[in-house]
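Please look over the sequence and the structure before reading on.

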Amino acid sequence: MNTILKKIFLALSIIANALFLSCGPDPDPDPTPQSDVRGCTDRDACNYNSQATVNNGTCEYTSCVGCTDNAACNYDPSATESDSSCEYTTCAGCNDPAAVNYDPAATINDNSCQYTFEFLLQFNFWNDFGNTPNIEFLAAESDDRILFDSQSIQFQTFSDSIWMFFNDLRIIERDDENQTVYSIDSLRAEEFSTLENKFVKDVEFNLLLNQITSIDAVLVLDISNSLGNDFATVKDYAKSFVSFITQQTQDPLVGVVGFASNVYTNQLSNNLAGTNQFIDGLNQEQFTKLYDGIDEGITLLNNSNHGDSKIIITFTDGRDNFSNIATLGSVVDRLENSDTKPIPSFTIGLDGNNSVNRVALDSLAGNAGDSNYPTNVQELSDTFDKFQKAVVNVYQLRYTRSSQPILEVDKQSFRFRIFASPK
């Protein structure tokens, strides 16, 4: 009996154990073989896993986007997808260490670099009796890009010193196509040492640079019929010219003379609106009173007691054919022998058809002035731009020496080293 019961108990145990095992956890519904790798399988995603064989839904698309252009200011070397955010301005500047405006933070050169160039002015000086200073300009030893009137050097004598004034000094570089106006950054004086046989820095005497801000300028403007449809453009250039001088100079007065068959005058003033109104009111006429127009401009300057610098700028596209007051010779003489000092004169000849008299205009461009001959109105715009910069970038140098007597036979050589950058 016991044997039968044991067998029954054993059978029930086996059945109960089988039932218990059948109630355990379900097997993995999506078993992955050990050879599969879970991860992001989208090649466009930032976290793409090239080793993944099964996409686990973790793909993301933001952490790797940015500027991918290594030339951009905000280039992100970790970015693999461009988000069109590249910009090229915040790091732009002059990245040339040789330039005066070098920006070490700039990685993109924006062509704004400015360079200092050296210019020389050289002279001989003697002072026989201590109060009779004389100076000789050595043009062959000096830079011809420096425009100043060597005949108008002025002296002021004191008991122990002599002041020399070099007036209306400008630096203009010219070639057949371009003109560059320079602004002076610094300068120094040097004397020739006969013992050392070289120029040495002058530490005893004083050299003072003064940018002139009180300027009288007269624009003499051709308004003849030969300008044709360019007349309106020329008047716009004239107004821009007057506006530039008025706004870029601390104490300017600007006058305008229009000439054709008649001569029309707008007095020197700082009234920009009134001057523009005068220019707008000019109308074309048949003939060309070039010399009479310049003569009137000289009169305006001579009648002014205002400016430390006086300058006249003349524009024409033709030849004088109607003046009845002035001649070329009389105008040149008045420019050179003005009431106070010679007047710098700049001339512009619009010469698209070889219609201007270059010999005459070159003669009129004197006393540290210049001439230029654009062939169309586009080039004319550049010429007005250069000349207006020349008007305002004008300097006076004052050089102070002791009143020590120096005989003419022992004349002393000195020079100015001028460092300037293009405008």
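Are α2 and α7 roughly parallel or roughly antiparallel to each other? The model is a predicted one, and in it helix α2 (residues 231–248) and helix α7 (residues 377–392) pack at an angle of about 20°. Angles under 35 degrees count as roughly parallel, and α2 and α7 are therefore roughly parallel to each other.

**The chain as a whole**

- The secondary structure of the chain amounts to 7 helices and 22 strands.
- With a radius of gyration of 41 Å, well over the 22 Å that the globule rule gives for 423 residues, the chain is more spread out than a compact globule.
- Taken along the principal axes, the box filled by the C-alpha atoms of the chain is roughly 160 × 65 × 35 Å.
- Of the 423 residues in the chain, 44% are buried.
- Counting contacts in the chain between residues at least 6 apart in sequence, 64% join residues at least 24 apart.

**Helix α2 against helix α7**

- The axes of α2 and α7 are 10 Å apart, and the crossing in which α2 passes α7 is right-handed.
- From α2, the residues that meet α7 are Thr-233, Val-234, Tyr-237, Ser-240, Phe-241, Phe-244, Ile-245 and Gln-248.
- From α7, the residues that meet α2 are Val-377, Gln-378, Leu-380, Ser-381, Phe-384, Phe-387, Gln-388, Lys-389, Val-391 and Val-392.
- By type, the residues of the contact of α2 with α7 are 11 nonpolar, 6 polar and 1 charged.

**Helix α2 against helix α3**

- Helix α2 also packs with helix α3 (residues 272–280), at an angle of about 165° and with their axes 10 Å apart.
- That angle makes α2 roughly antiparallel to α3, since angles over 145 degrees count as roughly antiparallel.
- The crossing of α2 and α3 is right-handed.
- On the α2 side, the contact is made by Lys-235, Ala-238, Lys-239, Val-242, Ser-243, Thr-246 and Gln-247.
- On the α3 side, the contact is made by Leu-272, Thr-275, Asn-276, Ile-279 and Asp-280.
- By type, the residues of the contact of α2 with α3 are 4 nonpolar, 5 polar and 3 charged.

**The loop between α6 and β20**

- Asn-367 is found in the loop between α6 (358–364) and β20 (371–372), and Ala-368 lies in the loop between α6 and β20 as well.
- Asn-367 has a positive phi, near 60°, in a residue other than glycine.
- Ala-368 is not a glycine either, and its phi is positive at about 70°.
- Residues under 20% relative accessible area count as buried, so Asn-367, with a relative accessible area of 16%, is buried.
- Ala-368 is buried too, because its relative accessible area is 10%.

**Asp-308 and its surroundings**

- Asp-308 is placed in the loop between α4 (290–302) and β18 (309–316).
- Apart from its neighbours within four places in sequence, Asp-308 is in contact with Ile-212, Ser-214 and Lys-341.

Methods:
Residues numbered from 1 in each chain as written. Predicted model: local features only at pLDDT ≥ 70, side-chain atom pairs only at ≥ 80, totals over all residues. Heavy atoms only, no water. Axes fitted to C-alpha atoms, helices over the stretch in contact; angles between N-to-C directions. Helix = DSSP H or I, 4+ residues; strand = E, 2+ residues; numbered from the N terminus. Parallel < 35°, antiparallel > 145°, perpendicular 65-115°, else oblique. Left-handed = near helix turned anticlockwise from the far one by under 90°. Contact = heavy atoms within 4.5 Å. Nonpolar A, V, L, I, M, F, W, Y, C, P; charged D, E, K, R; others polar. Rg over C-alpha atoms; globule rule 2.2 N^0.38 Å. Buried < 20%, exposed > 50% of the residue type's maximum accessible area, 1.4 Å probe, protein only.
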